[in-house]
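Try each one yourself before you read the solution.

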Amino acid sequence: SFFRSLSLPPILQAMAPTNAAMACGALSILNGMFFGYALIGVATAAFTVWRCLYGLGEETSENRWAISTLFSIINVGGLPYGFAAGYIMDTFGRKAAVALGGAAAFLGTAMSGLSPTFFLACIARIITGVGIGAITSSVPVYIQENAPKERVGTFQAIGGPCIPLTIFLGNVYAFYILGPNRDMGPAEYCPLITTGEMATKNVWLMAPAAAIGACILAVALWGMPESQAWDPAKQEGSTESGKGDAENRETTSLLSQNAGGIPYGWKGMPYCVRPILTGLLLGLAMQGTGINAVMFYAPRFMALGGVSEKMLGSVIIMAWNLFTALLALGLVDRVGRRQLLLPGVGIMAISLLLMHPVYSAIRDGSTNSVWCFVLLFLFIAGFEFGPGTLFAVIVNETLPEQILSTASPLIGMSMGIMGILVTFVFPAVEAAIGSAVFAVFGMIAAVTWVFFLCCLPETKDKDRAAISQAMIHGKWVTFGALE
């Protein structure tokens with residue numbers, strides 16, 4: 001195929017294992033960087049720049065709806081891609097899937113920086129969403145198949161710290177892009193800047209995202225050998241004389257039998273309830289426990305703690321987020337997955353369940369405001385030591401090889417849907433019951449913790465076939481044993 005022809009030159013073929021490992025590391029880092037900056041990092045400056053550029057500066061319900069659409073429409077491109085991700089990876093290869101993501105990421109963010117109208121900006125955000133969907137679906141699969149087995153957890157997790165890093169850098173970048181009037185609302189800020197100046201700010205705002213997308217495309221085309229686990233014979237029928245559909249069906253049947261009787265792709269998913277449920281609950285622990293809601297509440301916690309500068313508060317939170325993510329990254333392949341996940345999710349549950357009574361007590365003056373920092377920082381630490389770092393690691397280790405390229409993107413898509421639901425439901429629930437909403441998040445975290453305690457085996461340094469055998473045919477409740 002075309003993408004196979006773009007493999008490394010023959011003189012470098014002897015370096016293929018090293019190049020595959022280097023590609024895994026580069027793609028993991030670039031994946032985290034693009035996700036962090038394009039999806040979240042641009043938001044601080046874009047909230048003002050886009051409202052000014054597209055005539056949405058006035059505080060009206062129509063303008064608020066329009067800017068919300070511009071931010072959220074990225075999911076129109078990203079989430080549905082999960083249904084097609086497995087087919088694209090299995091039919092055209094991992095290189096093609098990553099290259100598609102890099103091309104869409106570059107095109108979408110470049111268009112976002114140059115779009116003169118609201119309509120074109122929405123189209124650009126949809127294309128960017130396709131890029132995010134393709135990259136986040138294919139990169140973890142490629143890493144799982146090609147990273148050194150003894151360090152696969154680190155390679156999967158290394159992109160995690162890049163997300164808070166690029167979010168932090170995006171906030172700092174916004175500080176300089178918006179200039180001295182950065183604390184003004186759009187209604188006051190927009191009349192001070194000409195349309196040409198605002199268009200220039202938009203180009204500079206989106207340039208880093210376009211550069212990251214271009215790097216992903218370059219790695220896919222020239223620095224990434226095709227995954228050895230990709231076998232086009234599983235998907236493509238032979239056109240040679242004498243080889244027809246009967247032989248193809250026989251080959252497919254043999255492949256399934258050799259793999260433990262699990263069919264490939266969608267047909268194999270009903271056989272793998274436990275690993276798929278594990279992935280879905282990891283997604284629930286990551287997005288259904290309200291990480292975005294906690295970050296929404298963070299300025300109120302910081303204000304109660306005496307921090308009035310918004311930028312300073314953001315710097316403190318992002319610095320702690322980055323520090324804990326880096327610390328967790330260093331422990332993934334040393335301590336193990338289960339040994340990190342259980343304390344992490346447990347800390348998340350306890351801190352969430354305590355947030356409402358502590359928040360209420362601080363407002364009443366009966367509790368020292370320092371506790372708001374303690375709970376906020378504990379939750380962030382638990383998140384990074386738990387699902388924030390381990391989601392991709394555990395999902396891609398527990399899914400059998402036969403359904404990895406199909407089920408992994410679908411689980412990622414479900415996690416994105418959970419995040420959207422929490423984002424839309426949280427304001428209404430918070431308006432009805434106030435900070436008691438965190439008790440709901442805390443109970444969700446507690447339920448997932450119980451499942452992981454009972455049903456999640458330790459997968460560090462375990463053979464993939466043994467993991468699949470235990471997760472599909474073994475006992476559900478093993479308290480960490482691989483049985």
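**Exercise 1.** Find the helix that holds Leu-378, and decide whether Leu-378 is buried, partly exposed or exposed.

*Solution.* Step one: Leu-378 lies in helix α17, where helices are DSSP runs of H or I with at least four residues, numbered from the N terminus. Step two: its relative accessible area is 39%. Buried means under 20%, exposed over 50%, and partly exposed in between (1.4 Å probe, protein chains only), so Leu-378 is partly exposed.

A word on the model: it is predicted, so local features need pLDDT of at least 70 and side-chain atom pairs pLDDT 80 or more, while totals for chains, interfaces and linings use all residues. Residues are numbered from 1 along each chain as its sequence is written, and side-chain values use heavy atoms, without hydrogens and water.

**Exercise 2.** Is Asn-31 buried or exposed, and which residues does Asn-31 touch beyond its neighbours within four places in sequence?

*Solution.* Start with the location: Asn-31 belongs to helix α1 (residues 16-41). Next, its relative accessibility is 14%, so Asn-31 counts as buried. Finally, with those neighbours set aside, Asn-31 contacts Ile-135, Thr-136 and Val-139; contact means heavy atoms within 4.5 Å.

**Exercise 3.** How many helices and strands does the chain have, and what share of its residues is buried?

*Solution.* Then take burial: of the 483 residues in the chain, 52% are buried.

Terms used
Helix = DSSP H or I, 4+ residues; strand = E, 2+ residues; numbered from the N terminus.
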